[in-house]
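Biologist: I'm new to this one. Could you show me how to read it, starting with what it takes to call a residue exposed?

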Amino acid sequence: MRLKNKVAIISGASRGIGREIAITFAREGAKLSLCATNQDLLNRVGDEIQSETGSKPLLFSFDVRDSKQVGEMVKKTLDTYSRIDILLNNAGITRDQILALMSEEDWDAVLSINLKSVFLFTKAVVKTMIRQKSGRIINMSSISGISGNAGQANYAASKAGVIAFTQSVAKELAKRNITVNAIAPGIIKTQMTEKLGEQILETFKQHIPLGRFGEPKDVAEVALFLASDEASYITGQVIRVDGGTNM
Ligand code: NAP
């Protein structure tokens, strides 16, 4: 088991990529603390993990923009498991619209859920990781944050922010034996991309050299590697998981 007894916090674990990462980490022996807003879906993930591994994750239903609740989740995780080895900042949303029609509300929602929450969670765990003299922080970015995407000015800005945050914090924490990396997925089959519609998806597919969309498992395996001992000499990196898009 590659994460035996490691304690991992994962945001946005109720479905999609976050759910797959939670299940993958649990199978590798990690003790989990999961959050999302949808309590029912989160409970289902918790039950699934418990029936497969025998170990029940801690579950927290709240909005990741709420700094107080982020702090409480981190505290309860520490009270229960006495350490935090891995933070996976995965929660995210899209509110796609061309810039001319983009509302301030949609700008603020995307920036705060996708970027501010990464700051809130990282700040909340960092003292513990410094004390432990070890830690892994993995942030979910996107290829939109590397090259931009029409109709996603808010989303792309948030994901570019995640990359800059990752690199800055990686430089700050390297001396403390804490690695900080980002994953930049291309199009992965989840609810987030379902809403793009068949026609747009087909157009995107033509630009994917591997000729298929990614599965949540494709991303979860990279997250597992970055969280594992094998990745101890990798920090400040952005790993694309995009079937070769834009190579
Ligand atoms: P998804 O299926 O829509 O899942 C998003 C997750 O984030 C859900 O668990 C959702 O839970 C949670 N979440 C959203 N807003 C939240 C909030 N305010 N507070 C707490 N939790 C919240 O999306 P996904 O495709 O798995 O995406 C996961 C991450 O990968 C995101 O950061 C996304 O930007 C990134 N990504 C995805 C793709 C892709 O093609 N799918 C590509 C590049 C990057 P609740 O609804 O229960 O709150």
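Modeller: A residue counts as exposed when its relative accessible area is over 50%, as buried when it is under 20%, and as partly exposed in between. Keep in mind that this is a predicted model. Take K68: with a relative accessible area of 62%, K68 is exposed.

Biologist: And how much of the chain is buried?

Modeller: Of its 247 residues, 49% count as buried. The accessible surface of the chain is about 12100 Å², and carbon and sulfur atoms hold 51% of that.

Biologist: What does the radius of gyration say about the chain?

Modeller: A compact globule with 247 residues would have a radius of gyration near 18 Å, and the chain has 17 Å, so the two agree. Along the principal axes, the C-alpha atoms fill a box of roughly 50 × 40 × 35 Å.

Biologist: Which elements should I look for in the chain?

Modeller: You'll find nine helices and seven strands. Contacts tell you how the chain comes together: among those between residues at least 6 apart in sequence, 73% join residues at least 24 apart.

Biologist: Now the charges. How many positive and negative side chains are there?

Modeller: There are 31 positive and 26 negative ones, and the centres of the two sets lie 8 Å apart. Side chains of opposite charge can pair when their charged atoms come close. This structure holds 15 salt bridges.

Biologist: Where do E72 and K68 sit relative to one another?

Modeller: They are four residues apart in helix α3 (residues 67-81), which means about one helical turn separates them. E72 is partly exposed, at 34% relative accessible area, whereas K68 is exposed.

Biologist: Which parts of the chain does the pair D229 and K6 link?

Modeller: D229 and K6 form a salt bridge, with their closest N and O atoms 3.8 Å apart. That pair links distant parts of the chain, 223 residues apart: D229 is in the loop between α9 (216-227) and β7 (238-241), and K6 is in the segment before β1 (7-11). K6 counts as partly exposed, at 24% relative accessibility.

Biologist: What about E215 and K189, how do their side chains meet?

Modeller: In a salt bridge, 3.1 Å from N to O. E215 lies in the loop between α8 (198-205) and α9, and K189 in the loop between β6 (178-185) and α7 (191-194), so the pair ties together parts 26 residues apart in sequence. E215 is partly exposed at 35% relative accessibility, and K189 is partly exposed at 47%.

Biologist: Which residues does the network of salt bridges link?

Modeller: R19, E20 and E48 are linked in that network.

Note on methods: Residues numbered from 1 in each chain as written. Predicted model: local features only at pLDDT ≥ 70, side-chain atom pairs only at ≥ 80, totals over all residues. Heavy atoms only, no water. Helix = DSSP H or I, 4+ residues; strand = E, 2+ residues; numbered from the N terminus. Rg over C-alpha atoms; globule rule 2.2 N^0.38 Å. Buried < 20%, exposed > 50% of the residue type's maximum accessible area, 1.4 Å probe, protein only. Contact = heavy atoms within 4.5 Å. Areas by Shrake-Rupley, 256 points an atom, 1.4 Å probe, with all protein chains shown as cover. Lys, Arg positive; Asp, Glu negative; His and termini not counted. Charge placed at Lys NZ, Arg CZ, Asp CG, Glu CD. Salt bridge = Lys/Arg side-chain N within 4 Å of Asp/Glu carboxyl O.
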